[in-house]
Amino acid sequence: MSMPSDGARFTGLLSDGKTAGAKPVSIRIAGGGLELRTDDDRKTRIWPYMELFSSVPVRSDAPDVLLTQRADGAETLFVNNPTFANVVRSRAPSLSPAHRRWQGLRPGLAAVACVAVLVGSIWAFDLQPSQALARVMPQHARATLGDAVVTSLAKDRKVCETPASKAALARMTSRLLAATSNPPADVRVLVLDWPLVNAFAVPGGQIVLTRGLIQQAGSPDEVAGVLAHELGHAVEMHPEAGIIRYMGLSAAAQLAFAGSSGTLTNAGVVLTTLRYSRVAERDADTHALRILKGAGISHKGFADFFERLEGKPPAGQNSDGKFHDMSVLSTHPQTAERIAMIRAQPEYASTPALSKEDWTALREACGPLIRVPPAAPPTTPAVEKAPPPPAPTTPTPAPTRKRTAANDATAQPAPAPKPSASSPPAPASASQPAPAPKPSAASPPPSPAAGPPATSPSTPAPAAKQPAANPPAASNERPASPASTPAPAPPRTAANAPAPAPTPPVPKIDPQADREIAEASRALASDPKDTEALQKRARAHARKNDYEAALADYVSAVEAKPQDAELQYGRGTALQNLRRYDEAIAAYDETLRLAPGHTNARNNRGNVNRVLKRYDAALRDFDEVVRTQPEFLHGIYNRGLVYREMTRFEDAVRDFTATISKDKSYTAAYTSRGITHERMGARDKAIEDFRAALTVPAKYRNGAWAHNTARERLRALGAAAQ
Amino acid sequence: MSLVDQAATSPPIATVPHISWVHPPGGFAGLSMLNGVLRILTLGIYHFWGKTEVRQRMWSAIRINGEPLEYRGTGGELLRGFLIVFLVILLPMLLASFGASLLGPAAYGAYSIAFWIVLLLLSGIGIHRARRYRLSRTRWRGIRGGLSGSSAGFAWTYLWTMVLIPFTLGWIVPWRTVRLQRALLEDTRFGDKAFTFTATSGPLYKRFLVVWLGTLLLVIATGAAIVGVSALGLRQPLPGTPQAMPTVKPEYVAGIVAVVLVALLAFAMLRAWYSARVLNYFAAETKLQGAGFTLNATAPSLVWLTASNYLIRILSLGFLSAVTEARSMRYIVDRLSCEGAIAWHEIGQNPDALLKRGEGLAEAFNVDAF
């Protein structure tokens, strides 16, 4: 429609702003403004277009319009006519929505420009406001903050400390501090009983290491590297700066997004925080290298540590494995980059970060590597039994410094505390473990005959039984461990079963093994990567129950030849003996990946799964073993143990019976079947089984255990041995 | 045609105001989304201007005798209000919180208690001041609204009645509602005339009793239903796995969720039934210059309004919140009518001096005037 020209007339309502009344008014569109005239006006009044104001922007489709003069005019004019609205809008452009919105945007855009300038200058001049603020914080405030952080990290985990470990740690720390320029004021290092492999620098100079880190590091140099890295963080006050930055960004984001949803705010803050973290990590790495060099500690350990982390499966306790390929989201710069940077450093003269004694002391900060079972009284559900006779030899669980971890297979029923070792259900017994683990392959597992269910996963002992011979994985109850040495054809028997007698957990004395170790070491002196020699030496170590040393050799061998399934297998058995079950599983996984038909590895893995109570996985393993090698009796026997732990007693009995039918002298099968019957309440059948066990010779590694347990159970059940 | 003689002699007549909603061209959805985007682009500063434009549009949809209400607030006033509250209240609280955490757990505990008391007090003040700001920026035919009375007095009543709620197991709620509404309404002005409010809490208690008992029964019934369904669908852990807890089978979890949803719906209907009664009763007891009001809210329509608004807000991630505000306002306006004639010429301009900044507290603590 055409725009009305000057002279057009409209009617409206005019209010004077003094009362709520309104008068009809006639309006004429004039050149310079609106001409208004009410009935009692003697002359017209003019409202210039420039001065018109409407509280609502006048749109092109507005049906009516409400005007005043300037924003503070008292009179209001209302015209209910869309044509009029259009006229006014065309003559007074300041009434349009676009104009109004632009006015509203100006302050916002100005604010954005200011912020852009601010952020740009911080970035361009590399200012670090949060770090500057952090330095201004007084030390005691930082220390209090750090204490709060440590408390929240630790939750209910304890601090691990023995006088020896404390001294060792102090020695390492002061050596590193001496090489630090600008050391932080008050550095305190502590170890938390946490299986996670990680280390944290918290405000105030405290550094937290985890048990996982210390126990899974291959050498003290690795720990020194990580500690130096955390010192770097502390020197730069990254923890304090990080907190200040986070608070500042949160406050700013709250301001910016006042009223809108919180998710945008949080995402932005998190992403920014992460970016700063990555820069901080690079800085800390640089500091670490400098400190290590100044302290005369090799940087190889530092790199080794990262490579070790990389090699772990993602499901392990690795804290920076999660977002390998997503740099944006990860707080650690690609580990590969860091490793490369570290390895690229020139060599220099170095000595180990800690002496052997100190290193051992540090590794045992959280207690001896073999854990003493708690003295919980077993609750015996099904079977009543008299307290078991004292175990033949109940070695008091010495905090073993020896790596006898694996053997829990001690004939001994269980360390003293455990009353009814024999009680089937004895849960506690599970604990047996430790103390006596003893190499004795022959010695059967801990009493807990009841074993399995009772065995709490934490009881390593039962699980590992690896009697001396490497391979093997016995499982509680002496699950059959296949062969001992992988090398020669895996003999089914416990070839090198160490002496059966239960003995306190000490490294076995084995001159033959010593000779082999010496030979192998000579060979390795000329060629450190001689995997055959390494393997031989590792096996020898294992026979002496020195599984730490065995593991070290296997690890070196695997490094040199990662595709050798046997080496991986050996590594797995060493880990299993050390009760590092998750890693053992990983090693067996790797073995099976390289050699899918490796029955021993599958068998051992099944045992470990059983200890970890992953019964479905254990069943899968044993089913596969039985399917592919039905003559491998240990597989059937071990599967029976799994069934029994799952309380599928019928299936367990069936497996034990199958074992016996294939080998009438499989002593442990009788005993285990007897235990199963006992748990099912079939006392007579159980007695029969136990008696039968005693009539056959003690066969296989778990033969002696089978005899001892059978005798005990018979006594407990009040039956004669005949 | 000349109206001279009539205008001179006959006094302006009192007319019955006709209240209506005229939906603005363009609606609210587009504006709401645009505001959301601009707010993000300007790091939040545009929020205040966006809010203002939404209010301008909403106010102009409310018509008395076909003439719109006007909203005269500005974004600048809202921003100023917010900044002042941020600097004077929020920032010190943030620093105090940080400092208290440094001083140790006892100090932090004391700080937390103080924080909650301050928060409740300031909320009451915030509500009052926000209302005053909005009323003073509302005009019809050039006549301003207003809220007299002191914010502190209102806040005190707000606080002590709220503290008593748990101690009276909720029975103080109807009395509190009436008390607060009276405090606000009798101070509300249109021009120089105040509203009158003659409601008492008695008539509300009958319905409140039903709601109270109904809620109790609902809670018990829901709890029993959940326990029952869980028991049916319980899966025992394998014996011998020592620390495992029994879990519920997935199909039965769906059943539990359904029970909870049904319970929520029933509760919503109960509450809406009570709210409708409260709203209608309050409207009937409100008068301006002798003219009364009638509101025709019903429980089902209220439930529908609340639920749909909630869904709109959630599904649009808050970008369509202006639409929900307009819908709520339209709901009331469509159902509101006035009985009785008002002599407009007898209502003079509001004499209060204007606040120069608006709603900082309400903004900061996210409370609303209505």
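Modeller: Happy to! Let us begin with how a packing angle is defined: axes are lines fitted to C-alpha atoms, for helices over the stretch in contact, and angles run from 0 to 180 degrees between N-to-C directions. Helices (H or I, at least four residues) and strands (E, at least two) are DSSP runs, numbered from the N terminus. This is a predicted model, where local features need pLDDT of at least 70, side-chain atom pairs count only at pLDDT 80 or more, and totals for chains, interfaces and linings use all residues. Residues are numbered from 1 along each chain as its sequence is written, chains are lettered from A and ligands numbered from 1 in the order in which they are written, and side-chain values use heavy atoms, with hydrogens and water left out.

Now to the part itself. In chain A, helix H21 (residues 599–611) packs with helix H22 (residues 615–628) at an angle of about 155 degrees, and their axes are 8 Å apart. H21(A) is therefore roughly antiparallel to H22(A); angles under 35 degrees count as roughly parallel, over 145 as roughly antiparallel, 65 to 115 as roughly perpendicular and the rest as oblique. The two helices cross in a left-handed way, where left-handed means that the near helix is turned anticlockwise from the far one by less than a right angle, and right-handed that it is turned clockwise.

Which residues meet? Contact means heavy atoms within 4.5 Å. From H21(A) come A:Thr599, A:Arg602, A:Asn603, A:Arg605, A:Gly606, A:Asn607, A:Asn609 and A:Arg610, and they meet A:Tyr615, A:Ala617, A:Ala618, A:Asp621, A:Phe622, A:Glu624 and A:Val625 of H22(A). By class, this contact has 5 nonpolar, 5 polar and 5 charged residues. Here Ala, Val, Leu, Ile, Met, Phe, Trp, Tyr, Cys and Pro count as nonpolar, Asp, Glu, Lys and Arg as charged, and the others, Gly among them, as polar.

Helix H5 (residues 163–178) and helix H7 (residues 220–235) of chain A pack at about 55 degrees, with axes 10 Å apart, so H5(A) and H7(A) are oblique to each other. Their crossing is right-handed. H5(A) brings A:Met172, A:Thr173, A:Leu176 and A:Leu177 to the contact, and the residues from H7(A) include A:Pro220, A:Val223 and A:Leu231. The residues of this contact divide into 9 nonpolar, 1 polar and no charged.

Next, burial. A residue is buried under 20% relative accessible area, exposed over 50% and partly exposed in between (1.4 Å probe, protein chains only). A:Thr210 lies in strand E11 (residues 206–210) of chain A, and at 0% relative accessibility it counts as buried. Leaving out residues up to four places away in sequence, A:Thr210 touches several residues, among them A:Val191, A:Trp194 and A:Phe200. By contrast, A:Lys529 is exposed, with a relative accessible area of 60%; A:Lys529 sits in the loop between helix H16 (511–526) and helix H17 (531–543) of chain A. The C-alpha atoms of A:Lys529 and A:Ser556 are 7.7 Å from each other, and these residues are 27 apart along the chain.

Finally, step back to whole chains. Chain A has 27 helices and 11 strands, and 55% of its 722 residues are buried. Chain B has 12 helices and 13 strands, with 44% of its 370 residues counted as buried.
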